[in-house]
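Biologist: I'd like to learn how to read helix packing in a model. Could you walk me through it?

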Amino acid sequence: SHTIQWGRDLFDGLFCRRPGQVNDNVDDVSSMSVEDFAKMILHKLGDDAALEVAAEMGEDFASFSSKEDDSDYVERVREASLRWAVNLADSLFRASIEDLLKQHPIDSVDEDGEPFWSGTRRTPKVLSYGDRDDVVIGYIVEFVRSAARLRVEMYLPPSLSQEGEASKISVQDAVSALESNGSASSNGQEQLGSNENSDDPDNAAAADSTPNVLSEVMGRLDSAKKNCANHESLNVVEFEKDDESNGHVAFVSAASNLRALCYGIAPVDAMETRRVAGRIVPAMITTTAFVSALSCMELLKMLMGLPLRDHRNAFVNLALPFFCFHCTVTCRRDGWFEWANIHALGSNCCKRREKRKDFG
């Protein structure tokens with residue numbers, strides 16, 4: 001189910017958070033200079049998050065403007081969305097996995113000298129449209145279809161929707177886009193080699209980026225500034241599991257199954273995806289925030305010097321929902337307690353084990 005969670009989070013990020021991000025910032029991008037806006041998001045978000053947001057906004061402020069009398073608008077949006085979806089699939093299931101394997105090769109070891117890819121860590125597998133596996137190809141085609149469709153619907157005004165027909169992407173459209181994209185359809189060795197060469201300047205830039213983060217953010221925002229003048233509000237998509245015609249479950253299912261195949265996990269059908277994804281509450285605004293708030297409250301109590309009796313342990317299950325708070329107890333500083341660990345070494349380990357019985 002964690003791959004379905006990953007697919008659902010991907011859906012929310014691409015089609016809910018990102019269009020909302022554009023709508024929230026379009027006035028600031030239009031009215032402020034690129035430098036001032038870059039400084040603002042750096043101050044609010046920090047270096048890494050600001051770089052990511054700048055890249056997203058540069059991509060989402062599309063170069064085509066919405067004109068209802070433009071007969072070519074829908075076709076231009078469809079073509080751009082198909083290219084975007086193909087690049088997204090290539091990035092998620094090929095490039096990112098190759099980067100991970102560069103950082104942690106199959107024969108690498110962790111800090112303890114144990115094989116890195118062992119235990120709960122599964123060795124990932126690179127997936128691409130050039131694979132000979134029909135299952136992988138089928139899921140990639142479905143991913144591109146559903147991702148491109150949802151991307152089109154982000155930009156398509158209601159007056160041009162034509163009852164949803166304008167946004168639909170056929171299998172042949174997806175296949176043609178994949179076959180025309182060299183990075184997605186070349187064999188894996190050629191892709192890896194070309195990426196290694198193209199990554200060198202990026203890696204060099206990344207090494208020198210610390211003093212030039214502002215310049216990097218400004219560079220990523222250039223296209224957003226150029227295209228924001230007459231930009232229409234984007235459509236924010238909320239996940240809806242019960243409508244089979246909207247493509248939401250299709251996207252999450254294709255994304256989660258490709259993720260599963262990357263890590264040697266059996267894919268599941270759309271019914272299971274619908275069942276699991278429909279019950280997921282995005283963690284960013286629920287459990288994570290709740291636990292962070294509780295931790296901060298206890299930290300404030302400690303900084304205020306409050307006695308131990310004012311501190312609380314908490315158990316939370318938001319799915320039920322269930323909240324339980326209880327008083328803390330002082331840790332025993334001597335003797336034995338139930339969670340103590342005893343490491344018995346040497347020839348007298350049996351005798352020491354007998355002595356341990358005295359402590360329960």
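**Reading the helix packing**

Modeller: Let's start with the overall picture: of the contacts in the protein with a separation of 6 or more, 72% are between residues 24 or more positions apart, a contact being heavy atoms within 4.5 Å. Keep in mind that this is a predicted model, where local features need pLDDT of at least 70, side-chain atom pairs count only at pLDDT 80 or more, and totals for chains, interfaces and linings use all residues. Residues are numbered from 1 along each chain as its sequence is written, and side-chain values use heavy atoms, with hydrogens and water left out.

Biologist: How many helices and strands are there in the protein?

Modeller: The protein has 13 helices and 2 strands; these are DSSP runs numbered from the N terminus, with H or I over at least four residues for helices and E over at least two for strands.

Biologist: Which residues of α2 are buried?

Modeller: Buried means under 20% relative accessible area and exposed over 50%, with partly exposed in between (1.4 Å probe, protein chains only). In α2, the buried residues are Val34, Phe37, Ala38, Ile41 and Leu42. They sit on the same side of α2 because they cover an arc of only 135° around the axis, taken from the directions from the helix axis to the C-beta atoms. Exposed His43 and Lys44 are on the face turned away from that buried side.

Biologist: What do the buried residues of α2 pack against?

Modeller: Their partners are α1 (2-31), α3 (47-60) and α9 (213-227).

Biologist: And how do I describe a pair of packed helices?

Modeller: You give the angle between their axes and the distance between the axes. Axes here are lines fitted to C-alpha atoms, for helices over the stretch in contact, and angles run from 0 to 180 degrees between N-to-C directions. For α2 and α9, the angle is about 120° and the axes are 9 Å apart. That pair is therefore oblique: under 35 degrees counts as roughly parallel, over 145 as roughly antiparallel, 65 to 115 as roughly perpendicular, and the rest as oblique. Residues meeting there include Phe37 and Ile41 in α2, and Val217 and Leu221 in α9.

Biologist: At what angle do α3 and α9 pack?

Modeller: At about 20°, with their axes 7 Å apart, so α3 and α9 are roughly parallel to each other. Among the residues making the contact are Ala50 and Ala54 of α3, and Val217 and Leu221 of α9.
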